[in-house]
Amino acid sequence: MSAERQLDPSTSYPVTDRNRVKRLHERASYDRAAVHAILDAALLCHVAYVIDGQPYCTPTLFWREGDRLYWHGSSASRMLRHLKAGMPACLTVSHLDGLVLARSGFNHSANYRAAMCFGTARIIDDAEEKAAAMRAVVDRFYPDRSAGLRPITTQEAKATTIIGMEIEQASAKVRAKGVGDDEADFALPIWAGVIPVKTVLGEVEPCPRLVPGVAAPPEVDLYAPGKTLDQCLLDAQREYEEDLA
Ligand SMILES: Cc1cc2nc3c(=O)[nH]c(=O)nc-3n(C[C@H](O)[C@H](O)[C@H](O)COP(=O)(O)OP(=O)(O)OC[C@H]3O[C@@H](n4cnc5c(N)ncnc54)[C@H](O)[C@@H]3O)c2cc1C
């Protein structure tokens with residue numbers, strides 16, 4: 001690895017060849033807050049890892065507590081079985097924010113926010129930490145919800161594996177701008193522009209088998225129709241962190 005870039009470790013992740021953005025490096029950030037903002041606006045990530053030389057990339061739900069990322073799955077899952085011993089992994093989140101139509105095919109692009117986090121993924125064995133994580137998988141997205149739910153059975157807990165990964169290094173890469181045409185192409189009579197992309201929530205659909213009189217709780221109000229999913233998840237993360245503090 002080449003020499004590390006010295007950034008303030010309290011606000012930035014350390015930079016080595018592993019996480020240094022080489023292509024279009026002006027879009028990069030190693031700032032913890034910038035990386036966290038991209039992570040916290042998502043619930044879906046892709047975890048990449050190698051087993052016996054074969055790369056895999058698994059989509060899964062995840063959440064963040066400080067510099068630690070968590071995800072969970074069935075105890076029978078191949079990924080989780082191999083992670084037991086501790087395994088290098090890369091967790092990636094990407095948001096598509098816009099389609100960029102240029103005056104040449106070459107300059108077509110996309111607006112996006114993406115984060116890549118590197119670390120060693122490990123099974124959470126500690127009973128207390130696992131129980132807390134099993135509450136967190138609900139409460140991070142729906143603050144305070146787990147306390148009002150039917151408790152998890154021993155069998156359910158046994159069937160669930162929780163993985164934790166301390167973020168050792170990370171990078172964020174963001175494109176948030178208009179058309180990047182070559183100067184000479186701006187004079188061409190060709191339409192160009194940006195089509196913004198947003199994930200917006202629809203109307204809530206209560207379960208048709210609800211016990212009569214059961215009203216939607218406050219955590220459902222957080223996911224109000226018309227709100228972007230990004231904003232809902234950022235609001236939920238803020239409430240979750242306030243509850244943890
Ligand atoms: C929605 C979306 C669409 C994209 N479309 C294209 C496309 O069509 N063509 C294209 O070439 N690229 C595209 N990208 C960018 C792509 O993710 C890579 O950044 C790019 O391809 C360079 O990859 P590389 O491995 O050569 O980067 P390098 O700069 O060699 O990667 C080195 C290190 O930089 C960091 N890094 C690289 N890319 C990212 C990233 N996206 N987010 C966070 N950290 C990063 C990682 O830590 C990585 O290990 C797109 C990204 C997104 C999110």
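Reader: Arginine 64 and aspartate 40: buried or exposed?
Author: Both are buried. Buried means under 20% relative accessible area, exposed over 50%, and partly exposed in between, using a 1.4 Å probe and protein chains only.

Reader: What kind of model is this?
Author: This is a predicted model: local features need pLDDT of at least 70, side-chain atom pairs count only at pLDDT 80 or more, and totals for chains, interfaces and linings use all residues. Residues are numbered from 1 along each chain as its sequence is written, and side-chain values use heavy atoms, leaving out hydrogens and water.

Reader: Back to that pair. How do the side chains of arginine 64 and aspartate 40 meet?
Author: In a salt bridge, 2.7 Å from N to O. Arginine 64 is in strand E4 and aspartate 40 is in helix H1, 24 residues apart. A salt bridge here is a side-chain nitrogen of Lys or Arg within 4 Å of a carboxyl oxygen of Asp or Glu. Helices (H or I, at least four residues) and strands (E, at least two) are DSSP runs, numbered from the N terminus.

Reader: Which residues are linked in a network with Arg64?
Author: Asp40 and Glu241 are linked with Arg64 in a network of salt bridges.

Reader: Why can side chains pair like that?
Author: Side chains of opposite charge can pair when their charged atoms come close.

Reader: How many salt bridges does a search of the whole structure find?
Author: It finds 14. One of them joins arginine 32 and aspartate 67, with the closest N and O atoms 2.7 Å apart. Arginine 32 lies in helix H1 and aspartate 67 in the loop between strands E4 and E5, so the pair ties together parts 35 residues apart in sequence.

Reader: Is arginine 32 buried or exposed?
Author: Arginine 32 counts as buried, because its relative accessibility is 16%. Aspartate 67 has 23%, so it is partly exposed.

Reader: New topic. How many residues surround the ligand?
Author: 13 residues surround the ligand, the closest being Arg18, Lys22, Arg23, Ser171 and Lys173. A residue counts as near if one of its heavy atoms lies within 4 Å.

Reader: Which strand gives the most to that shell?
Author: E7 does, with 4 residues.

Reader: Where is a polar side-chain atom of serine 171?
Author: That atom lies 2.8 Å from an oxygen atom of the ligand.

Reader: What share of the ligand's accessible area does the protein cover?
Author: The protein covers 60% of the 870 Å² that the ligand has on its own. Those areas come from the Shrake-Rupley method with a 1.4 Å probe; for residues, only the protein chains shown count as cover.

Note on methods
A polar contact is a pair of N or O atoms within 3.5 Å; within protein, one must be able to donate a hydrogen and the other to accept it, and residues adjacent in sequence count only if both atoms are side-chain atoms.
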